[in-house]
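Trainee: I have a model open and some questions about it. Can we go through them one by one?

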Amino acid sequence: MSQHHPAPGTGGDPLLAKAELARPLAAQVVVFAVLAELAERHPGLPGAYITTSQFTPTEAHVLLDGPADLEAWRQATHTDVGDVQLIKVDGEWKVVFTASVGPIVLRVYTVFAPASSAVTG
């Protein structure tokens with residue numbers, strides 16, 4: 001038995017509804033447009049590994065090379081320094097923040113070894 005309740009009127013699992021799976025690439029165009037505008041406004045902004053999905057078409061995940069790159073993105077997105085978090089996930093340290101940039105949400109992060117690990121490793 002599914003842990004999910006069927007979507008009203010569909011009889012199916014809401015996570016597998018055909019309408020959800022059939023979103024066109026055009027649904028994600030807003031993410032690409034905002035990222036292009038960000039690049040135009042901040043041409044020196046470090047490059048990143050960026051992913052988006054048809055399931056969350058107004059959200060992008062931004063993986064950066066290190067804390068310095070993350071700081072540049074924080075400044076470019078006008079994110080308050082208090083919104084940056086240091087978290088440990090699956091044994092790896094990450095510095096993360098979430099930023100609303102126009103109509104989209106960026107989940108920005110970098111994985112790194114703390115100085116003590118880098119020195120002893």
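Trainee: Which element gives the largest share of the lining of the largest pocket?

Mentor: Keep in mind that this is a predicted model. H2 and E4 each supply at least two residues of that lining. The largest share is four residues, and the element that supplies them is H2.

Trainee: How many residues of the lining of the largest pocket are charged?

Mentor: Glu37 and Arg41 are among the lining residues, and Asp, Glu, Lys and Arg count as charged. Five residues of the lining are nonpolar and five are polar. The charged ones number two.

Trainee: About how much space lies in the largest pocket?

Mentor: Its lining includes Val34, Leu38, Ser100 and Pro103. The space in this pocket is about 170 Å³.

Trainee: Is His78 buried or exposed?

Mentor: His78 also lines the largest pocket. It is found in the loop between helix H3 and strand E3. Its phi is positive, about 55°, although His78 is not a glycine. The relative accessible area is 69%, and over 50% counts as exposed, so His78 is exposed.

Trainee: Where is Asp90, with its phi near 50°?

Mentor: Most residues other than glycine have a negative phi. Asp90 has a positive one. Asp90 is exposed, with a relative accessible area of 78%. Its place is in the loop between E3 and strand E4.

Conventions
Residues numbered from 1 in each chain as written. Predicted model: local features only at pLDDT ≥ 70, side-chain atom pairs only at ≥ 80, totals over all residues. Heavy atoms only, no water. Buried < 20%, exposed > 50% of the residue type's maximum accessible area, 1.4 Å probe, protein only. 1 Å grid on protein atoms, 1.4 Å probe; cavity = no way out; pocket = protein on both sides within 12 Å on 5 of 7 lines; lining within 4 Å. Points joined across faces, edges and corners; volume = space filled by probe spheres on them.
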